[in-house]
Amino acid sequence: EAGVSAGTVYRYFPSKTDLIRTCAGEVFAELGDVLAAFTTDGTGGAHEGDGPPPPPGAVVGALLTAALQIGSRYEVDMTRIAVSAWAECLRDPDLLAQIRHEYGSLRAHLGRIAAGWLPAQGPSAAGATAATGATGEADGSEDRAGLMAQALFGAVPGFIVERLLLGDVTPVGYARGLELLAEATAASKLP
């Protein structure tokens, strides 16, 4: 499935789940570092200081580029392993818990970045709820940064699926598509 023989894989990993766990830990740690760099202090904390973080297209473009660069260091296509991981999560609750935690951490980083685009809401309040994945509050307010983080995060598996099935997408093109969507939204004054 990932472009290498089973014998090669199982020489290093006793099972597919062990392979996925190892790859996920390494890849997500590096992707977290990429996203942390978009905060002022570089630790992944709420964005504070000299202006907002780069626009959404640039953040997603950097994330996708990093994911492909990380994958190119190995003898396997890590995006294929990602798809295998999604399938394995459906049958393995322990793996699902690990991947859910890893994905949640990345989405929390995206929430803290998105909070930097919302100065009126305040980065700390927006980033805190983004980490929980909350889409709304009991008082009827919405977690704008959290909602943006969900949408930004969704671009990653979308890119992977399009790359594997259609083969005609690049991180730069995907990032530009997000910029064009933002421009169209602003031009049409959609809520």
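Me: What share of the 191 residues in the chain is buried?
Reply: This is a predicted model. Buried means under 20% relative accessible area. Of the 191 residues in the chain, the buried ones make up 39%.

Me: How many helices and how many strands does the chain have?
Reply: Along the sequence, the pattern reads α-α-α-α-α-α-α-α. The count is eight helices and zero strands.

Me: What part of the contacts with a separation of 6 or more comes from residues 24 or more positions apart?
Reply: A contact here means heavy atoms within 4.5 Å. Among contacts with a separation of 6 or more, residues 24 or more positions apart account for 67%.

Me: How are helix 2 and helix 5 oriented to each other: roughly parallel or roughly antiparallel?
Reply: Helix 2 spans residues 16-36 and helix 5 spans residues 93-115. Their axes come within 10 Å and cross at roughly 10°. Angles under 35 degrees count as roughly parallel. Therefore helix 2 and helix 5 are roughly parallel.

Me: Which residues of helix 2 make the contact with helix 5?
Reply: On the helix 5 side, the contact includes Leu-95, Tyr-103 and His-109. On the helix 2 side, the residues are Thr-17, Ile-20, Arg-21, Ala-24, Gly-25, Phe-28, Leu-31, Gly-32, Leu-35 and Ala-36.

Me: Is Val-161 buried, partly exposed or exposed?
Reply: Val-161 is found in helix 7, residues 144-165. With Leu-165 and Leu-166, Val-161 forms a nonpolar patch on the surface. Its relative accessibility is 36%, so Val-161 counts as partly exposed.

Terms used:
Residues numbered from 1 in each chain as written. Predicted model: local features only at pLDDT ≥ 70, side-chain atom pairs only at ≥ 80, totals over all residues. Heavy atoms only, no water. Helix = DSSP H or I, 4+ residues; strand = E, 2+ residues; numbered from the N terminus. Buried < 20%, exposed > 50% of the residue type's maximum accessible area, 1.4 Å probe, protein only. Patch = residues over 30% accessible without salt bridge, like charges linked within 9 Å, V, L, I, M, F, W, Y side chains within 5 Å. Areas by Shrake-Rupley, 256 points an atom, 1.4 Å probe, with all protein chains shown as cover. Salt bridge = Lys/Arg side-chain N within 4 Å of Asp/Glu carboxyl O. Axes fitted to C-alpha atoms, helices over the stretch in contact; angles between N-to-C directions. Parallel < 35°, antiparallel > 145°, perpendicular 65-115°, else oblique.
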